[in-house]
Amino acid sequence: MKSIRKPRKPIPAEAIARLAAQGRDVSRFFTNAGRMMMPGPIRRVNVDLASGMLEELDRAAKELNISRQAVIKTLIRQALDQQYRSRGIQPSAKRRAKSLRRG
């Protein structure tokens, strides 16, 4: 009788990140089977930051090898999620998906 292979459980992103940090090959986790989402209209904003904070953002961007804008967006998303969790509110899937598409 043939053995039936059980489908594998998805691996958390944190585990994949740890493997990548160890220099291991993580390409098998990325299938490119996902669908590209077209972002909605983008609204630009201006934010005044102290020079010290800007330097911190630039250091974080350099360490993560991403743009300053990506660091800002990531930190804002994390702060909003933390606020929702602390209030026991589940953000609407529509709102969350909208902000992630613009990532």
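Mentor: Let's begin with Arg 68, which is partly exposed at a relative accessible area of 37%; please keep in mind that this is a predicted model.

Trainee: Which side chain does Arg 68 meet in a salt bridge?

Mentor: Arg 68 pairs with the side chain of Asp 58, with 2.7 Å from N to O. Asp 58 belongs to helix 2 while Arg 68 belongs to helix 3 (residues 68–87), so the pair ties together parts that are 10 residues apart in sequence. Asp 58 also counts as partly exposed, at 32% relative accessibility.

Trainee: And how many salt bridges does the structure hold?

Mentor: The structure holds 2 salt bridges.

Trainee: Is Arg 77 buried or exposed?

Mentor: Arg 77 counts as buried, because its relative accessibility is 14% and the cut-off for buried is under 20%. Asp 81 is buried as well, with a relative accessible area of 15%.

Trainee: Switching topic, which residues form the positive surface patch?

Mentor: That patch is made up of Arg 5, Arg 8, Arg 24 and Arg 28. Arg 24 sits in the loop between helix 1 (13–21) and helix 2 (51–64), and Arg 24 is partly exposed at 48% relative accessible area.

Trainee: What about the overall fold, how many helices and strands are there?

Mentor: The protein chain has 4 helices and 0 strands, and buried residues make up 11% of its 103 residues.

Methods: Residues numbered from 1 in each chain as written. Predicted model: local features only at pLDDT ≥ 70, side-chain atom pairs only at ≥ 80, totals over all residues. Heavy atoms only, no water. Patch = residues over 30% accessible without salt bridge, like charges linked within 9 Å, V, L, I, M, F, W, Y side chains within 5 Å. Areas by Shrake-Rupley, 256 points an atom, 1.4 Å probe, with all protein chains shown as cover. Salt bridge = Lys/Arg side-chain N within 4 Å of Asp/Glu carboxyl O. Lys, Arg positive; Asp, Glu negative; His and termini not counted. Charge placed at Lys NZ, Arg CZ, Asp CG, Glu CD. Helix = DSSP H or I, 4+ residues; strand = E, 2+ residues; numbered from the N terminus. Buried < 20%, exposed > 50% of the residue type's maximum accessible area, 1.4 Å probe, protein only.
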